[in-house]
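Please examine the sequence and the structure shown here.

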Amino acid sequence: MINDLKTITILFRATNEIEKIIADDVLQYGLNPSEFGALEVLYHKGPLPVQSICEKVLIASSSMSYVIENLIKKDYISKTKDIKDKRYHIVELTEKGRNLMDDIYPKHVQKLRKYIDILNQDEELSLQTYLKRLGKHTQ
């Protein structure tokens, strides 16, 4: 077994490169990665409480408040009080937000697939398995 941190270094470098690719891609649509992440979660999961978005996008609730306010200003999402529990807010895509994601999400996937597709299907599935194992081990 290798006793140095080469694997961690490689993982960080790959992650940094992917983050740059994502940031550059979503910037062309006037979004930052956190805004895109929030829109993507709502696009796939539908209306959600703010806390659920935070958990899925993996950013702090204080930062998410800023992201949500920016997306409201851009008219991509709306936020309303939960009917059952007034302490919570439910966030959902507006028609403008859904139209945006209908347009840009397939392009975003295509852009990212260019980088992932250097792996064959078995390699990609193995990588998913290994990364999941690492993620679960750290919890």
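## Overall build

Of the 139 residues in the protein chain, 28% are buried, where buried stands for under 20% relative accessible area, exposed for over 50% and partly exposed for values in between (1.4 Å probe, protein chains only). The model is a predicted one, in which local features need pLDDT of at least 70 and side-chain atom pairs count only at pLDDT 80 or more, while totals for chains, interfaces and linings use all residues. Residues are numbered from 1 along each chain as its sequence is written, and side-chain values use heavy atoms, with hydrogens and water left out.

The protein chain has 6 helices and 3 strands; these are DSSP runs numbered from the N terminus, helices being H or I with at least four residues and strands E with at least two. Read from the N terminus, the order is α-α-β-α-α-β-β-α-α. The C-alpha trace spans about 55 × 30 × 25 Å along its principal axes.

## Strand pairing

Strands pair if DSSP finds at least two bridges between them. Strand β1 (residues 48-49) is joined to strand β3 (residues 89-93) by 2 bridges, and the two run antiparallel. Strand β2 (residues 77-81) is also antiparallel to β3, with 5 bridges. V91 in β3 is the bridge partner of L48, and K79 stands opposite V91 as well.

## The aromatic pair

The structure holds 1 aromatic pair. The ring centres of Y43 and Y105 are 5.7 Å apart and the planes meet at 50°, so the pair is tilted. For rings of Phe, Tyr and Trp (its six-membered ring), pairing requires centres within 6.5 Å; planes under 30 degrees apart count as stacked, over 60 as edge-to-face and the rest as tilted.

Because Y43 belongs to helix α2 (residues 33-45) and Y105 to helix α5 (residues 95-116), the pair ties together parts that are 62 residues apart in sequence. Both Y43 and Y105 are buried.

## Helix α6 and the surface

L11, L127, L131 and L134 make a nonpolar surface patch of about 310 Å². Helix α6 (residues 121-137) supplies the largest share of this patch, 3 residues. L127 lies in helix α6 and is partly exposed, with a relative accessible area of 36%.

Apart from neighbours within four places in sequence, E124 is in contact (heavy atoms within 4.5 Å) with R113, I116 and L119.

Notes:
Patch = residues over 30% accessible without salt bridge, like charges linked within 9 Å, V, L, I, M, F, W, Y side chains within 5 Å. Areas by Shrake-Rupley, 256 points an atom, 1.4 Å probe, with all protein chains shown as cover. Salt bridge = Lys/Arg side-chain N within 4 Å of Asp/Glu carboxyl O.
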